[in-house]
Amino acid sequence: MPVLTPDMVRSSGASWPDVRSSALARAAAAPFPTTDLEHWRYSRIDELDLARFAPADTPSTVTGGGADAVITRVATSAASADASFTRLFPSNVHDLELFAALNLAHMDVIVVSVAANKVVSEPVVITHQLGGSGKAFFPRVVVEAGRNSEVTVVERFVSPDGDALLVVPVLDVRAEQAARVRYLGINELGTSSWLIGDQQSSGDRDSDTLLATVALGGDYARVSTAARLIGQGGNTRQVALYFAGGTQMHDFRTLQEHVSPRTTSDLLFKGAVQDTAKSVYTGLIKIHKDAKGSAAFQTNRNLTLSHGAWAESVPNLDIETNDVKCSHASTVGPIDEEQLFYLESRGVRPDVAQRLVVLGFFDEVLAQLPVGELATSLRAQVSRKLAIGEQS
Amino acid sequence: MSTLDIRGLTATVAGKQILNGIDLTISSGEVHAVMGPNGAGKSTLSAVIMGKPGYTVTGGQVLLDGVDMLALPTWKRAAAGLHLVMQYPTEVPGVQLDAMLAEALRDRGREKDVATLGATLRAEAGRINFDEKFLDRALNVDLSGGEKKRNETLQMSVLKPKIAILDELDSGLDVDALRDCARRVMDATREDNLGALVITHYSRLLEELRPSRVHILVKGRIVQSGGPELADVLERDGYATFSATFSA
């Protein structure tokens, strides 16, 4: 049986000489995480047996973008790659945690590069059409936005319901001075798929980044996002809509990290759980000593639609300077009874009233998604999922 | 011709008896006012008729054309022809007025009205000076007190209930909005044969919304009923007279 071992990939001869082999060594040495670690608390990491998966090439399609978005793809199986790309990967792999190392070792890379002052008006749409039980996929999307450029990237994860596969994606967004980058990740994975994702963005001076997530699929889907503001005046926003049903679990970790002065960040995560599904949101606002005059906001709201469903919300602040404006808010609870009564008192059926209220709850996030045209179909998917929850 | 018949209605809130046996009969085209001091049970009466959670009916009946409303869930009471104009309309973020009304009409089998809903809303908004820009807002979100009541009145006009209960229509709105809403209700009693049960603390509202019958509610019971002149007595003497009557 093929397993995720360094030997296996070495024997395939499919590694980039340095980055991949050192990442492989790190992956072999990195400890397997447990829920005793704060970072993995509440997670289902204990259920994951990596030996059940073998790495596979990620079947991805890329559309849109146009001439000003330069797309470069380097598949796992590529024997060699342009050495200049090594700048896009971490040089020191020794501190990488297991999944970061695994991704680096097995990655299929898609680089979206936009030169300075170029505005890419049509979104770049990357679709990972995954399939096959026992397969593991390691897509890595790097977005390089040059000075004062603008680009929107949509990344979709799709798989059939029955396929017990693992996807370990990495997103790496680099916004140079005054660049505007909007990203939307959509999890439409089947109900047997696992996702353990890592996202990071770094925003230089006066840059503006938006990291949006819509999570509907997966058995266990975890996304850890770190948005760093490294140049003064930078702004970053994170928004997410997540909706777990059946026995699904969605698990989010977010970091808003203010390194430089006068940086601003905002976060709005809204989730719902039905049946016996679970969700976790753990968010940290970290403001460094030098990041004076910064402002950071964080809001997480959760609806528990069934008695058996469970949601956890853990907001945290770590602030090293007084000269900041910060707020966080989090709620977990059932649908507001007064809202349902209002709709029902007009003659709206209870199931329809519930659907309207939940869709209304998510509307605030849908309205902020970078590709407005997608909101309609995503709204319809949420609506269908609510109907399934009612029948079960 | 429809009739709402309330017979011996008693109810508790959190174990406390609030309604002590209400008897009221309202028919199509009529306007009845229920007046009472704070704590008399006015809002409880409207909540219980509509089936709001948190209120327990301990006795009596609420019949609409002979059908027992208390046995029906809230949405079926509304579909049967009852409507509640709320004192404090609930904010429902992200839910548009037209989306809700479309579902409400659909559940009543009024597909044809769904098709013309947009035009109906604009026409009705014009009648009560409700700015059309508010039609695109989420329900009651970022609306002033007056706009909320116009919005409530607008919904009533579109849904065309048989009997409407107006709970403190006059609270939290200015004189212009009060007049616009009250006149629209009066029009509905003539045009659509609406029966209106107007619950209010002050007689000011009744200058616009002219009742044929006035009932005085004190301590959960109707202590006196009469013609419109009863409101004038109340205006002059206050509730003290009626409270005394009840205690004696």
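The model is a predicted one, in which local features need pLDDT of at least 70 and side-chain atom pairs count only at pLDDT 80 or more, while totals for chains, interfaces and linings use all residues. Residues are numbered from 1 along each chain as its sequence is written, and chains are lettered from A in the order in which they are written.

Where chains A and B meet, the contact takes 21 residues from chain A and 22 residues from chain B, two residues being in contact if their C-beta atoms, placed from the backbone, lie within 7 Å. On the side of chain A, α4 (337-344) and α5 (350-366) each supply at least two residues, and the largest share, nine residues, comes from α5(A); helices here are DSSP runs of H or I with at least four residues, strands are runs of E with at least two, and both are numbered from the N terminus.

These helices also meet each other: A:Q339, A:L340, A:L343 and A:E344 in α4(A) touch residues of α5(A), among them A:P350 and A:A353. Two packed helices are described by the angle between their axes and the distance between the axes. For α4(A) and α5(A), the axes, which are lines fitted to C-alpha atoms over the stretch in contact, with angles from 0 to 180 degrees between N-to-C directions, come within 9 Å and cross at roughly 125°. The two helices are therefore oblique to each other, a word for angles that are not under 35 degrees (roughly parallel), over 145 (roughly antiparallel) or 65 to 115 (roughly perpendicular).

Elsewhere in chain A, eight bridges join strand β11 (residues 180-188) to β13(A) in parallel, and β13(A) also pairs in the parallel sense with β15 (residues 235-244) over eight bridges, where pairing requires that DSSP finds at least two bridges between the strands.
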